[in-house]
Amino acid sequence: MADTQAGPRKPPNPRLFRSEEPLSVTLSLNLRQIKRDKNADSPWRDATIRYVDANGKPVEVPLRVRTRGVWRLNHCDFPPLRLRFGDKKADGTLFANLERPKLVTYCRNADNYESYVLQEAQLYRILRVLTDASFKVRVLRIAYADSASGKVETTRYSFIIEDPDHLAERLGGKIFDRQGATSDDLMPGPTALMHTYLYFIANTDIAVRTLHNVEIITLPDGQNVPVPYDFDMSGVINAAYAGVDPKLPIKNVRIRLFRGFCAHEPAYATAFDLFRERRAAIEALYTDAVGQLLSPATVRSTLKYFGEFYEDIATPESVRKRLFADCVK
C-alpha cells in the first residue's frame, strides 16, 4: 500500500481545542436557505460566529458554511455543516487556524437529539483519554440565528471536530486516502486499540478497507495508524435512527460485535490493559463540565453499558467467547 502526497502543513493546535469547557456562540446564517441545501455539492454560504472573549469583549468572526453528509441531509431538519474560516479574519480569535472543520449539529430540534450530540462528543473525548491518535472536539452551545431577521430560531449544543490535516500534522504524518487497506498495512497496536474502542462503544458503522468513518495517518516511518470518527450510530448512544448493516449477525446496535482483525490478536492484551488503567479517567468525563450536561439517567445507563464491556474482557475465556469468536480474518 503506497501513500499519497501530503497536503499543505497546518498549524496543529488551534486555540479552540486548548480547552474542553463548553463555549457559547451565536451562529448567524440564512437558515431557510441552508435547510434547502440538500445536494452533496451545495454551495458555500456566508455566515458569522459571535462570542464573548475572556475579557468580556464581543468578537465576531466571518466564515462560510456548507451542508455535508448523505443520510443526514435527507433525515435531519437542520443539516450538519462544514465550516470554512479564511482571509485571516479569524486571526487572533478562538477560531483562528481551524481551516475546514466539521460542525455536528442537532439534526432535529428536540431534547433527545441534542442528547445524542452530547453523547457523541463524549465518545470522542473518551478516545482522547486513550490515545493522541484521535480527533479533538469542542462542545459549543449555539444560538442559531437567521441572518436576515437576527431572530434566534433555537439554541442547542453542537460540537466542532478537528480538521483531519491538523490531526495528521499533530501526529507528524500525513493522510493516506487510498482505499484497500488490510490488516497487513496497519500498525497492530493502534489498530487493536481502535477495534477495542469500537467494541467498547458498540460501533460497527466503520470499514477500514473503504475508508468509511476512518482516517489512516501515515507516519514518517511508513507505519499506518487508523483513526475512527462519526460515532452517532453506536450502541451506547442507541439513537432512535441507528441501525446496523443487515449483513452483520446482530439485529440492533446495542448488541456488541467485535470486528477486529484476527491477525492482530497478540496486540489486544495491551489494549485491554489500557482500558482498565484509564477506566476511572473515562468515567470522570461524565462528571465534568461536559458530562454534567447529560441527564443523570443517561449517565447511569452509559456507565452501566461500559461496565458490561469490562466484564467481557475480564478473563481470557470471556475474551475468546465475546470478542475473538467474531474476529475478522
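Buried means under 20% relative accessible area, exposed means over 50%, and partly exposed lies in between, with a 1.4 Å probe and protein chains only. The model is predicted: local features need pLDDT of at least 70, side-chain atom pairs count only at pLDDT 80 or more, and totals for chains, interfaces and linings use all residues. Residues are numbered from 1 along each chain as its sequence is written, and side-chain values use heavy atoms, leaving out hydrogens and water.

**View 1. Arginine 276 and aspartate 273 form a salt bridge.**
A salt bridge is a side-chain nitrogen of Lys or Arg within 4 Å of a carboxyl oxygen of Asp or Glu. By this rule the count comes to 18 salt bridges. In this pair, the closest N and O atoms are 2.9 Å apart. Aspartate 273 is partly exposed, with a relative accessible area of 45%. Arginine 276 is also partly exposed, at 38%. Arginine 276 and aspartate 273 are three residues apart in helix H6, which separates them by about one helical turn. Helices (H or I, at least four residues) and strands (E, at least two) are DSSP runs, numbered from the N terminus.

**View 2. Helix H6 (residues 268-277) has a buried side.**
Its buried residues are Tyr268, Ala271, Phe272, Leu274 and Phe275. They cover an arc of only 155° around the axis, which puts them on the same side of H6. The arc is that of the directions from the helix axis to the C-beta atoms. An α-helix has 3.6 residues a turn, so residues three or four places apart point the same way. Exposed residues Thr270 and Glu277 sit on the face of H6 turned away from the buried side. What covers the buried residues? The cover includes helix H3 (111-130), helix H5 (188-201), helix H7 (279-284), helix H8 (296-312) and helix H9 (316-322). Contact here means heavy atoms within 4.5 Å.

**View 3. Strand E7 (residues 152-161) pairs with E5 and with E6.**
Two strands pair if DSSP finds at least two bridges between them. Strand E7 is mostly covered: seven of its 10 residues are buried. Strand E5 (residues 102-104) pairs with E7 in the antiparallel sense, over three bridges. Lysine 102 has isoleucine 161 of E7 as its bridge partner. Strand E6 (residues 137-146) also runs antiparallel to E7, joined by nine bridges. Here isoleucine 142 has arginine 156 of E7 as its bridge partner. E6 and E7 form a hairpin with five residues between them. In the turn, glycine 150 has a positive phi of about 80°.

**View 4. Asp111, Glu114, Arg141 and Arg156 are linked in a network of salt bridges.**
Which residues meet glutamate 114 here? Arginine 141 lies in strand E6 and glutamate 114 in helix H3, so the pair ties together parts that are 27 residues apart in sequence. Arginine 156 meets glutamate 114 at 3.0 Å, N to O. Arginine 156 lies in strand E7, so its pair with glutamate 114 of helix H3 ties together parts that are 42 residues apart in sequence. Glutamate 114 is buried, with a relative accessible area of 11%. Arginine 156 is buried too, at 10%. Arginine 141 is partly exposed, at 30%.

**View 5. Three strands form an open sheet in the order E8-E9-E10, with antiparallel pairing.**
Strand E8 (174-176) and strand E10 (224-228) stand at the edges, each with a single partner strand, so one side of each is left without a neighbour in the sheet. The twist averages 40° from one strand to the next. E8 and strand E9 (residues 214-218) pair over three bridges. Lysine 174 has threonine 218 of E9 as its bridge partner. Helix H5 lies across E9 and E10, running at about 15° to E10. Axes are lines fitted to C-alpha atoms, for helices over the stretch in contact, and angles run from 0 to 180 degrees between N-to-C directions.

**View 6. Threonine 26 lies in strand E1 (residues 23-29).**
Is threonine 26 buried or exposed? Its relative accessible area is 18%, which makes it buried. Threonine 26 touches Thr48, Ile49, Arg50, Ala143 and Ala145, not counting residues up to four places away in sequence.
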